[in-house]
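Colleague: Could you walk me through how to read a model like this one? I would like to go feature by feature.

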Amino acid sequence: MQARPMGIRDVADGAGFSVTTVSHVLNEVPGKRIAESTRQRIREVADQLGYRPNLLAQGLRSQRTHTIGFVSDYVATTPFAGQMILGAQDAAAEAGSLLLLLSSGGNTDLEDVEVRALIDRQVDGIIYASMFHRVLTPPSRLRGTKAVLLDARTESGEFSSVVPDEVGGARAAVEELLSHGHRRIGFLTDSADVPATRARLIGYRQALEVYGIAFDPALVQAGSGESRGGFESAHAVLSRSDRPTGLFCYNDRVAFGAYQAAAELGLSVPADVSIVGFDDQDILSASLRPGLTTMALPHYAMGQWAVKTLLDQIDTEGKAPALHQLLPCPLVRRASVSSPPRA
């Protein structure tokens with residue numbers, strides 16, 4: 001026969017204190033003047049007896065379930081955005097909350113079912129996450145609960161949101177090349193019209209402007225954001241008689257293609273051409289030879305920020321104003337950048 005679960009009365013009998021005192025200690029009721037030695041004794045007995053609190057009852061009293069929903073499109077299945085989940089999970093655990101992860105695979109109907117299920121289970125709030133930085137229209141059901149957008153934002157700004165500082169990251173990437181003496185720098189970008197392509201072009205141009213270098217549209221090549229696109233774009237600019245000595249790549253997959261193009265053209269990285277990527281997809285950036293210098297997306301920090309901001313909303317009963325945070329993209333130096341070759 002299964003043993004009867006231990007209750008507060010069992011702990012009170014074992015510790016020698018009243019049920020009321022034990023209840024105040026185990027439920028962490030604020031404002032009660034109970035000696036620390038008493039609290040310690042009650043917790044020790046509770047541990048010895050294997051006491052577990054009735055979370056349902058606690059939730060009814062506090063109107064909190066200490067659960068947070070995490071709804072994403074592809075974050076759970078992509079190899080480089082999973083740090084967002086880890087950051088969110090660590091922040092939730094630190095606050096004594098449990099993260100409930102659901103993935104829609106981009107299916108809007110399934111997403112609606114997932115959001116409704118989380119609300120029906122009375123989660124304290126919901127993190128709505130995107131695999132990549134985008135401007136979107138969240139599910140309408142989110143307007144009925146406390147929610148924060150992760151790696152996404154809305155035009156209206158009605159929800160708190162956190163995204164990478166794409167402009168600052170691109171500027172830092174190009175400045176890394178500039179600081180090594182490069183003055184003719186190509187930008188291999190993605191042809192997709194998304195916030196990252198627009199913002200990284202702005203950062204590229206800002207860095208050139210700081211160094212007094214005129215923007216040359218011929219050095220900007222747009223293709224697919226994959227290695228094939230990087231190969232084609234890099235091959236085009238590196239085949240020029242006035243080829244660039246440095247390349248800033250939209251992401252690490254594009255940079256991988258640029259490595260291939262350089263090799264096919266008989267160019268060595270970084271002796272003949274220096275390359276900087278973006279995203280720090282470790283399976284690529286650390287495995288390339290030489291290792292790829294790149295900008296890391298702050299996925300872990302964004303996950304943490306989203307949960308902490310959501311918890312603030314919960315604690316203030318949703319009265320806190322919507323916050324919109326840009327988090328910096330740190331530079332990860334490896335071995336793909338050096339001074340330009342002498343003419």
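Colleague: Which residue just after helix 12 takes a positive phi?

Modeller: That is Glu317, with a phi of about 60°. Helices (H or I, at least four residues) and strands (E, at least two) are DSSP runs, numbered from the N terminus. This is a predicted model, where local features need pLDDT of at least 70 and side-chain atom pairs count only at pLDDT 80 or more, while totals for chains, interfaces and linings use all residues. Residues are numbered from 1 along each chain as its sequence is written, and side-chain values use heavy atoms, with hydrogens and water left out.

Colleague: How many residues does helix 12 have, and what span does it reach?

Modeller: The expected span of a helix is 1.5 Å times one less than its number of residues. Helix 12 (residues 299-315) has 17 residues and reaches 25 Å from first C-alpha to last, close to the expected 24 Å.

Colleague: Which residues of helix 12 are buried?

Modeller: Buried means under 20% relative accessible area, exposed over 50%, and partly exposed in between (1.4 Å probe, protein chains only). In helix 12 the buried residues include Met302, Trp305, Val307, Leu310, Leu311 and Ile314. Their cover includes strand 1 (67-72), helix 5 (82-94), strand 3 (125-135) and strand 11 (324-327). For the chain, buried residues make up 46% of the 343.

Colleague: Is Arg200 buried or exposed?

Modeller: Arg200 counts as buried because its relative accessibility is 3%. Its place is in helix 8 (residues 195-210). A contact means heavy atoms within 4.5 Å. Leaving out residues up to four places away in sequence, Arg200 touches Glu166 and Asp279, as well as Ala170, Phe187, Phe248, Tyr250, Phe278 and Leu297.

Colleague: Where is Pro138, and what does Pro138 touch?

Modeller: Pro138 lies in the loop between strand 3 and strand 4. At 5% relative accessibility, Pro138 counts as buried too. Beyond residues up to four places away in sequence, Pro138 touches Tyr128, Arg143, Leu149, Thr154 and Phe159. From Pro138 to Ile213 is 75 residues in sequence and 41 Å in space, C-alpha to C-alpha.

Colleague: What is the radius of gyration of the chain?

Modeller: The radius is taken over C-alpha atoms, and the globule rule is 2.2 Å times the number of residues to the power 0.38. A compact globule of 343 residues would come out near 20 Å, but this chain has 26 Å. Along its principal axes, the C-alpha trace spans about 85 × 40 × 40 Å.
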